[in-house]
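Welcome to this one! Here are a few notes to read alongside the structure, with charged side chains as the topic.

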Amino acid sequence: MDGSAQQVSAARERDSDILALLAGGRQDQAFALVLERYERKVFRLCMAMLRDRDQAADAAQDSLVRIWQALGRFDARAALSTWIYTVTRNRCLTAIERRRDHDSLSDEAVASDVEARTAERGGAEADDRGELLREFVASLPERYRRPLLLYYYEGCAVDEVAGMLGVAENTVKTWLHRARALLQERLIAAGLGDPTLWLEELA
Amino acid sequence: MNEQREPRDAAPLDAALDGALRRELQPPDLPEGFRERLRAAIVRAPQLDRERLRRELERDQREALSALRAGYVRMSRDAFAVLVGVAFVIGIAAAVWLPHLAKWLDLDTSQLVAIACAIGGVGVAAWVALRPLGDRVMRWLS
């Protein structure tokens, strides 16, 4: 059995209690378990994709309502978690599409904004360092920023992040590697002295 | 949850960055009252769906009607323009060629106009009568 098949099998086993409740026609109890297990993850995925807390809350709520509406018809062909994350991602993509013409900044625009703020601050104060690091993360291209955020949100579980983003684990590992490399480059380019020391002083 | 950790690079900068990201990128908490709002949305959801469906149907119907109306107006305008254009061209042609043609055929102009109208009428009648037959032949050929 290859890695992805093992992953699907493990995910199915993890949610077997929910599937058993669904098979017994107890949708309300099944949904209560779904909420207990996935509510936070759905919100985190929305946060990673949408960047905005209010929009993420709306998208998470909308996704969970849709999941509740369709849960009784879930046919278990895919893992439950895969289906839940797919519904959530689609909802987020719709939200991104809607706001594209309004207020969304491109990756380049965010990156140049961060550079400008870094230049303004000169040597950052210790209290601001965490914020500056988060801004560096925010300035990463979407395909690297999302897995990086989810990786740390989900307690560094690569398989969980892969499931949330609907990609292979190796893809997530590659993205994480590139994200860290980009962050290191930007830390060095920002002229913050010794970046290792600067990061260690964040603690 | 943590069973599949990324292998940590030995490089000091990488390790420092990983540590800093672990500290700084804490998972966001659910917004206050999220669960209550979700439950309220679930209670409203079936009504919302019916309402949304009705709105979508009405919108589709409005769009279809307006497209139909726009098409009708465009067609009427085009037909009128073609009619005016054809009449104008026929008028010009008649004014230029009819005297020459009458002279060449040694006919009175009024006779020529009557003959032309008769030929035109027979042509239109033949076209209308034979069109179904032509359509059937075209279908058979295709």
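Predicted model: local features only at pLDDT ≥ 70, side-chain atom pairs only at ≥ 80, totals over all residues.

**Notes on the salt bridges**

1. What does A:Asp17 pair with? Its side chain meets that of A:Arg37 in a salt bridge, with N to O at 2.7 Å. The two sit in distant parts of the chain, 20 residues apart: A:Asp17 belongs to helix 2 of chain A and A:Arg37 to helix 3.

2. A:Arg37 also forms a salt bridge with A:Asp15, at 3.1 Å from N to O. Here the partners are 22 residues apart, since A:Asp15 lies in the loop between helix 1 (3-14) and helix 2 (16-23), while A:Arg37 is in helix 3 (residues 27-50) of chain A.

3. Is A:Asp15 buried or exposed? A:Asp15 is buried, because its relative accessible area is 0%, under the 20% cut-off. A:Arg37, in turn, has 27% relative accessibility and therefore counts as partly exposed.

4. Next, have a look at A:Arg51 and A:Glu142, whose closest N and O atoms are 2.7 Å apart in a salt bridge. A:Arg51 is in the loop between helix 3 and helix 4 (53-71) and A:Glu142 is in helix 8 (residues 142-153), so this pair ties together parts of chain A that are 91 residues apart in sequence. A:Arg51 is partly exposed, at 33% relative accessible area.

5. Finally, a network of salt bridges links A:Lys41, A:Arg44, A:Glu154 and A:Glu160. Over all chains, the count comes to 13 salt bridges.

Conventions. Residues numbered from 1 in each chain as written. Chains lettered and ligands numbered in written order. Heavy atoms only, no water. Salt bridge = Lys/Arg side-chain N within 4 Å of Asp/Glu carboxyl O. Helix = DSSP H or I, 4+ residues; strand = E, 2+ residues; numbered from the N terminus. Buried < 20%, exposed > 50% of the residue type's maximum accessible area, 1.4 Å probe, protein only.
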